Amino acid sequence: MIVDVDIGNTNAKWRCQGDSRIYVQSTRSLPQAWQYSGAAITRVRVACVAGADVLQCFAAAVRERWGIDIELARVQRNYAGLAVCYEDVSRLGVDRWLAMLAAFKSVGDEFVAVSAGSALTADWVAQDGQHLGGFIAPGRERMLASLYGDVANVLLTPRVPGELLDIALGQSTETCVDGGVAVLLRGFINHVASRCLGARIILAGGDAQAMLTMCAQEHKFRVSLVSNPVLDGLAIALP
Ligand SMILES: Nc1ncnc2c1ncn2[C@@H]1O[C@H](COP(=O)(O)OP(=O)(O)OP(=O)(O)O)[C@@H](O)[C@H]1O
Ligand SMILES: CC(C)(CO)[C@@H](O)C(=O)NCCC(=O)O
């Protein structure tokens, strides 16, 4: 059994080969125990942007339980037709690279890979596979945490996407913050969309659905929601 694992800053997600289900566990809890409960594992392909300590604990647990070393994806300057534009490719997040690899294979044309998770990222890739650059910004939870500190999670309210369409003026701290953050998220996705007229927008991450809702009507037809391009990219990077 091959298992692909995406260790993000908030959540670790995994998928077993031949099974479309994605399992999620908080990254914080991963060093204590990986909640994998499937069949015996022969390969574990990993993308990790969380700390080295998390990865070390995870690798040690896999070695102890299945007697194998994890296979870690690493960014390469030129791979599978995708050419990374960073001067120092080791600085590019492997999650961004894998998402671009997956989109490059499936779109076959110019695209922008957007992730709305712990961070907001957008990466432009030309039709010939040249990575043109991108943006990194704090994601929704990070923006809230920067205002509320450790109580951010308490104040996070799961919102139905429709609520985000009409950003009302807040009349309490919470509604002012929610509205302000929504303005920034909306600004990000609509800037991306209006900067890449013609290109497909491949949108993923925990806040992808909310971002799609906030995307201007005239751009929505170019957006494809994907559930986890990082996991898709692992199969390309580590065949
Ligand atoms: N149940 C939920 N309630 C509220 N918000 C949620 C929920 N699940 C996800 N989110 C939103 O999704 C974000 C996390 O998304 P995701 O799981 O894609 O993160 P991640 O993969 O760890 O991030 P990254 O890859 O950027 O490190 C949170 O910051 C939050 O804004
Ligand atoms: C930006 C994040 C946090 C998004 O998960 C990740 O891709 C990362 O840690 N990147 C390193 C910095 C960079 O990509 O330039």
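An N or O atom in the side chain of Arg96 is 2.7 Å from an oxygen atom of ligand 2, a polar contact being a pair of N or O atoms within 3.5 Å. The protein covers 74% of the 380 Å² of accessible area that ligand 2 has on its own, with areas taken from the Shrake-Rupley method with a 1.4 Å probe. The model is predicted: local features need pLDDT of at least 70 and side-chain atom pairs pLDDT 80 or more, while totals for chains, interfaces and linings use all residues. Residues are numbered from 1 along each chain as its sequence is written, chains are lettered from A and ligands numbered from 1 in the order written, and side-chain values use heavy atoms, without hydrogens and water.

**Ligand 2**

- Two further oxygen contacts involve a polar side-chain atom of Tyr86 at 2.6 Å and a backbone N or O atom of Arg91 at 3.3 Å.
- The residues around ligand 2, including Asn9, Leu92, Gly93 and Asp95, are those with a heavy atom within 4 Å of it.
- Ligand 2 takes up the space of the largest pocket. On a 1 Å grid over the protein atoms alone, a pocket is an open set of points where a 1.4 Å probe fits, with protein on both sides within 12 Å along at least five of seven lines. A molecule sits in a pocket if more than half of its atoms lie within 2 Å of its grid points.
- The shell around ligand 2 holds four nonpolar, three polar and three charged residues; Asp, Glu, Lys and Arg count as charged, Ala, Val, Leu, Ile, Met, Phe, Trp, Tyr, Cys and Pro as nonpolar, and the others, Gly among them, as polar.

**Ligand 1: contacts**

- Ligand 1 has 14 residues around it, of which Asn9, Thr10, Asn11, Lys13 and Asp207 come nearest.
- Oxygen atoms of ligand 1 lie 2.4 Å from a polar side-chain atom of Lys13, 2.7 Å from a backbone N or O atom of Thr10 and 2.9 Å from a side-chain N or O atom of Asn11.
- Of the 640 Å² of accessible area that ligand 1 has on its own, the protein covers 76%.

**Ligand 1: setting**

- Ligand 1 sits in the largest pocket.
- Its shell is made up of one nonpolar, eight polar and five charged residues.
- Strand 2 (11-16) and helix 3 (140-148) each give at least two residues to this shell; helices (H or I, at least four residues) and strands (E, at least two) are DSSP runs numbered from the N terminus.
- Ligand 1 lies between domain 1 (2-72) and domain 2 (78-237), because both supply residues to its shell; the bounds come from an automatic or database domain assignment.

Terms used
A polar contact is a pair of N or O atoms within 3.5 Å; within protein, one must be able to donate a hydrogen and the other to accept it, and residues adjacent in sequence count only if both atoms are side-chain atoms. On a 1 Å grid over the protein atoms alone, a cavity is a set of points where a 1.4 Å probe fits but cannot get out, and a pocket is an open set with protein on both sides within 12 Å along at least five of seven lines; lining residues have an atom within 4 Å of a point.
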